[in-house]
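Trainee: I am new to this structure. Please take me through one part of it closely.

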Amino acid sequence: MTALVNLVVMLGMFVIVPTGLRLTGSREFDRVRRAWPLFAAAGALSLWLPRGAPATVLAAWYAAGTLLLALHAPRRLARTRDVRPAELAVLTALVSPAVAGTALVAERAGRSLFSFDPGLLALTVPHFHFAGFAAALVAGLLCADTGDGPAARFAALSVPAGTLLVLVGYFLGDTAELAGAVVLTAGMWTVAALSMRLARARGTDRTARTLLGVAAGTLAASMVLALSWALGEATGLPHPSLTWMAATHGAGNALGFALCALLALRRVRRPVPTDPAVRTESPVRTAPEGTHP
């Protein structure tokens with residue numbers, strides 16, 4: 001499981017985060033994005049070293065990069081004062097890698113963090129690259145691209161809220177974590193529906209339709225696993241093990257959802273600034289209109 005989790009985390013570090021930042025169309029991330037390979041290389045190397053000082057130092061360098069990215073969130077909010085659902089989802093995406101980076105430092109040092117043992121911290125790292133960053137960002141971009149309707153707004157709010165509730169559930173107990181899983185699942189299934197709406201839109205090419213279909217199908221299945229695990233933890237009912245969850249839910253969401261969704265969005269949209277202060281053209285308004293840039 002360790003090798004699989006490490007490969008998934010590397011995908012998040014090297015591909016998912018920089019691709020997602022590019023899709024926002026915001027020039028404010030250019031410096032961080034250009035330096036990101038240096039941070040990602042250190043983080044990736046730390047994964048394969050034994051726990052100890054060298055791995056911790058490399059992880060700390062990656063965490064510094066995630067912190068630089070996270071600092072854009074309050075500055076962006078103070079400048080734009082935009083609290084629409086799509087923008088809140090983007091802000092969530094910006095701070096999520098910092099949670100992963102902090103967990104990585106503690107895990108590579110072999111220390112507990114907020115009573116979480118290193119084994120659980122190792123799974124927190126991919127969770128906040130994919131559920132925290134990728135899912136929130138995709139929800140925000142789809143909210144902009146499909147017309148900011150009720151379903152789109154629900155997805156853009158519930159995915160970040162569900163991710164936060166799952167994190168809070170780590171502290172409060174299995175019942176709270178189950179509540180977070182329910183909210184997150186509802187949001188992710190709504191993202192799947194929005195992905196299919198965009199796939200059916202006029203002007204979406206075959207490759208993008210296929211990628212969006214894979215992303216939607218993956219969410220439909222993988223979030224059932226997430227619910228069954230959370231329900232089992234809260235009630236004692238039989239449920240998949242963490243190893244099985246990493247191999248199915250984790251790897252599936254990384255490859256089948258996050259990667260496919262971001263690649264599809266690269267094909268159906270030019271990077272349109274989500275920052276109202278720098279926006280120069282409107283994104284796709286509704287999928288039925290097919291007015292993709």
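Trainee: Is E87 buried or exposed, and what is its relative accessible area?

Mentor: First, a word on the source. This is a predicted model, in which local features need pLDDT of at least 70, side-chain atom pairs count only at pLDDT 80 or more, and totals for chains, interfaces and linings use all residues. Residues are numbered from 1 along each chain as its sequence is written, and side-chain values use heavy atoms, with hydrogens and water left out.

Now to your residue. E87 is buried, because its relative accessible area is 3%. Buried means under 20% relative accessible area, exposed means over 50%, and partly exposed lies in between (1.4 Å probe, protein chains only).

E87 has a charged partner. Side chains of opposite charge can pair when their charged atoms come close. R76 and E87 form a salt bridge, and their closest N and O atoms are 2.5 Å apart. R76 lies in helix α4 and E87 in helix α5 (residues 85–109), so this pair ties together parts that are 11 residues apart in sequence. A salt bridge here is a side-chain nitrogen of Lys or Arg within 4 Å of a carboxyl oxygen of Asp or Glu. Helices are DSSP runs (H or I, at least four residues), strands are runs of E (at least two), and both are numbered from the N terminus. R76 counts as buried too, at 0% relative accessibility.

Next, look at R79. The side chain of R79 meets that of E28 in a salt bridge (3.5 Å, N to O). R79 lies in helix α4 (residues 72–80) and E28 in the loop between α1 and α2, so the pair ties together parts that are 51 residues apart in sequence. R79 is partly exposed, with a relative accessible area of 45%. E28 counts as partly exposed at 22% relative accessibility.

One more pair belongs in this tour. R84 and D82 meet through their side chains in a salt bridge (3.0 Å, N to O). R84 counts as partly exposed at 42% relative accessibility. D82, at 7%, counts as buried. Salt bridges that share partners join E28, R76, R79 and E87 into one network. The structure holds 9 salt bridges.

Stay with the loop between α4 and α5, where R81 is found. R81 has a positive phi of about 55°, although it is not a glycine. R81 is exposed, with a relative accessible area of 71%.

Two packed helices are described by the angle between their axes and the distance between the axes. Helix α1 (residues 2–24) and helix α2 (residues 30–48) pack at about 175°, with their axes 10 Å apart. Axes are lines fitted to C-alpha atoms, for helices over the stretch in contact, and angles run from 0 to 180 degrees between N-to-C directions. The two helices are therefore roughly antiparallel to each other. That label applies to angles over 145 degrees; under 35 is roughly parallel, 65 to 115 is roughly perpendicular, and the rest are oblique.

Which residues meet there? Those in α1 include L7, M10, F14 and L21, and those in α2 include W36, A40, L47 and W48. Contact means heavy atoms within 4.5 Å. The residues of this contact divide into 16 nonpolar, 2 polar and 2 charged. Ala, Val, Leu, Ile, Met, Phe, Trp, Tyr, Cys and Pro count as nonpolar, Asp, Glu, Lys and Arg as charged, and the others, Gly among them, as polar.
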